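Please read them with the structure open beside you.

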Amino acid sequence: MEALKEKFELGTVAEITIGYSSKVRASLRPKVTCSRQVYQVLLEFWNKDRIELVEDFHLMLLSRANRVLGICTISSGGTSGTVVDAKMVFATALKANASSMIVAHNHPSGNLGPSEQDRRLTQRLTEIGRALDLPVLDHVIVTLEGYYSFADEGEL
């Protein structure tokens, strides 16, 4: 292998910074202790003009005390699905220094039943979370008329 003959300036290398800035004091963040509360917080965040139009996948990040650090849109798709990149899910959670997370998506059809693809994604994210000590506490399917909780149904 040839030796590197070029000399590089430090300025040609990208600087990587990690940070998280919250404008809300910890005591003012909503605390979620059950799927009903998670659904209520998610429904407040969700764009009501899109919930029955396209499928969106959101990530709710939690502190150790189950206070909501924030909610982030990971992907938006079409009427019957959206692509979820697990690297983006966990990069976002790690950057925010979250202790745990809840993932959620909507079914524009209004059907609350999870698909086989929903189940596979939940299993995959749960396994990755376990390896990173960043647990996925629930996967919630959201519609305007109600919700489905994987945790409540024993599927997590």
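1. Which residues of α3 are buried? In this predicted model, the buried residues of the helix are D118, L121, T122, L125, T126 and G129. Seen down the axis of α3, these residues fall within an arc of 130 degrees, so they line one face of the helix. An α-helix has 3.6 residues a turn, so residues three or four places apart point the same way. On the other side of α3, Q117, R130 and A131 are exposed, whereas the cover over the buried residues includes β1, α2, β3 and β4.

2. The length of α3 can be checked against its residue count: at 1.5 Å a residue, its 16 residues should span 22 Å, and the end C-alpha atoms are 23 Å apart, which agrees. After the helix comes D133, which has a positive phi, near 55 degrees.

3. The strands form an open sheet of 5, with mixed pairing and the order β2-β1-β3-β4-β5. Its edge strands are β2 and β5, each of which pairs on one side only, and the twist from one strand to the next averages 25 degrees. Within the sheet, β3 and β4 pair in the parallel sense over 6 bridges, and H105 stands opposite I141 in β4.

4. Two further helices pack on this sheet. Helix α1 touches β1, β2, β3, β4 and β5, and its direction makes about 55 degrees with that of β4; α2 touches β1, β2, β3 and β4, with its direction at about 30 degrees to that of β1. In α1, which covers residues 35-45, the buried residues are S35, V38, Y39, V41, L42 and L43, and these pack against β1 (56-62), β2 (68-76), β3, β4 (136-143) and β5 (146-149).

5. Which members of the largest nonpolar core touch the most other members? Of its 18 residues, they are F57, L61, V89, M101 and L125. At least two residues of this core are supplied by each of β1, β2, α2 (86-95), β3 and α3, and the largest share, 4 residues, comes from α2. Leaving aside neighbours within four places in sequence, M101 is in contact with L59, M60, L61, V89, F90, A93, L134, P135, V136, L137 and D138. There is also a second, separate core of 15 residues, which includes V41, W46, V68 and V142; of these, V41 is listed among the buried residues of α1.

6. Is P114 buried or exposed? This proline lies in the loop between β3 (100-106) and α3 (116-131), and although it sits in a loop, P114 is buried, because its relative accessible area of 14% is under the 20% cut-off for that term. Not counting residues up to four places away in sequence, P114 touches H107, R119, I141, Y148, F150 and E155. Among these contacts of P114 is I141, the residue in β4 that H105 stands opposite. P114 and V140 are 26 residues apart in sequence, and their C-alpha atoms are 9.5 Å apart in space.

Conventions:
Residues are numbered from 1 along each chain as its sequence is written. This is a predicted model: local features need pLDDT of at least 70, side-chain atom pairs count only at pLDDT 80 or more; totals for chains, interfaces and linings use all residues. Side-chain values use heavy atoms; hydrogens and water are left out. Buried means under 20% relative accessible area, exposed over 50%, partly exposed in between (1.4 Å probe, protein chains only). Contact means heavy atoms within 4.5 Å. A nonpolar core is a set of buried Ala, Val, Leu, Ile, Met, Phe, Trp, Tyr and Cys residues joined through side-chain atoms within 4.5 Å. Two strands pair if DSSP finds at least two bridges between them. Axes are lines fitted to C-alpha atoms, for helices over the stretch in contact, and angles run from 0 to 180 degrees between N-to-C directions. The expected span of a helix is 1.5 Å times one less than its number of residues. The arc is that of the directions from the helix axis to the C-beta atoms.
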